[in-house]
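Subject: Structure handover

Dear colleague,

Here is the structure we discussed. Please open it alongside this note; my findings follow below.

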Amino acid sequence: MSVSLGMPAPPAPTLAPRRKTRQLQVGAVGVGSEHPISVQSMTTTLTADVNATLQQIAELTASGCDIVRVACPSQDDADALPAIARKSQIPVIADIHFQPKYVFAAIEAGCAAVRVNPGNIKKFDDKVKEIAAAARDHATPIRIGVNAGSLDKRLMDKYGKATPEALVESALWEAGLFAEHDFHDIKISVKHHDPVVMIRAYEMLAEQCDYPLHLGVTEAGPAFQGTIKSATASGRCCARASATPSACRSPRRRSRRSRSGRRSSSRSTCARASWRSSPARPAGARRSTSTSSPTR
């Protein structure tokens, strides 16, 4: 017979040592190997509906969410960001689609960080210098989010499909562009609907760079492709920064607005690729500023 003394439970055992990464601040939340793993989710409301979005953020906060991401595919959404960022109890990340001008709007709105998917933002690489300058001036971290469904056509031609190598090359190329402008407040995600491909991509990233990693299982792409999802989806997004890939849970698919303003069944159609003009980096070519092997 055991008697409970009311003592707190011991901490869970460490499954694996965390790799050493760069450190950055997403609002009040520290991200990187010196900070606890943070849990991030994303709203499914129309961001332009400020009250509904803030209500959902409050619910996520009560559920233990550390950081929240909101989609910004339109000017109406961008206009709503200042109020949302100001009133949210947890740091708000703006998820930018289609046009670089929304990146600057999100930074000016006071968002704690900005997520960009270079594959669906027109001429993104041409704007990196300006984005880096604005983000540095406002101390705003950038998440480079590469998705299997919106890879550069040159990489798709090179690898034949969205392989781990293609995802990693795309992410490190973009990180290298920011590094050329001396901007390093970056975290990286490389998302794919296949957990095996996703895990391998993160393992490769962990070997080749020391940026914090945001983990998740998802995919964006053309309508038919984007509707086929992994059976591992487990409700709300629980993407974790700077963790081992095996600690990742997968995010729920989100809906999006169509051009008519109504919501369609899958936000996956939002990632129609706008192929960048920058050539794909030759295999094996690395920038030492962003691909050095981390200390484990």
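How are α2 and α3 oriented to each other: roughly parallel or roughly perpendicular? They are roughly parallel to each other. Angles under 35 degrees count as such, over 145 as roughly antiparallel, 65 to 115 as roughly perpendicular and the rest as oblique.

First, the basis. This is a predicted model, where local features need pLDDT of at least 70 and side-chain atom pairs pLDDT 80 or more, while totals for chains, interfaces and linings use all residues. Residues are numbered from 1 along each chain as its sequence is written, and side-chain values use heavy atoms, leaving out hydrogens and water.

**Overall**

The protein chain has 9 helices and 11 strands. These are DSSP runs numbered from the N terminus: helices are H or I, at least four residues, and strands are E, at least two. Of its 296 residues, 54% count as buried. Buried means under 20% relative accessible area, exposed over 50%, and partly exposed in between, with a 1.4 Å probe and protein chains only. Take contacts (heavy atoms within 4.5 Å) between residues at least 6 apart in sequence: 71% join residues at least 24 apart.

**Helix pairs**

Two packed helices are described by the angle between their axes and the distance between the axes. Axes here are lines fitted to C-alpha atoms, for helices over the stretch in contact, and angles run from 0 to 180 degrees between N-to-C directions.

Helix α2 covers residues 75-87 and helix α3 residues 101-109. Their axes come within 8 Å and cross at roughly 15°. From α2, the contact uses Gln75, Ala78, Leu81, Pro82 and Ala85. From α3, Lys101, Tyr102, Ala105, Ala106 and Ala109 take part. By class that gives 8 nonpolar, 1 polar and 1 charged residues. Nonpolar covers Ala, Val, Leu, Ile, Met, Phe, Trp, Tyr, Cys and Pro; charged covers Asp, Glu, Lys and Arg; the others, Gly among them, are polar.

Next, α3 packs with helix α4 (residues 128-137) at about 5°, axes 10 Å apart. This pair is also roughly parallel. Val103, Phe104 and Ile107 of α3 meet Glu130, Ile131, Ala134 and Ala135 of α4. The classes are 6 nonpolar, no polar and 1 charged.

**Positive phi**

Most residues other than glycine have a negative phi. Ala139 has a positive one, near 55°. Ala139 sits in the loop between α4 and β7 (142-147) and is exposed, at 59% relative accessible area. Asp182 has a positive phi of about 60°. Asp182 lies in the loop between α6 (164-180) and β8 (186-191) and is exposed at 55%.

Best regards
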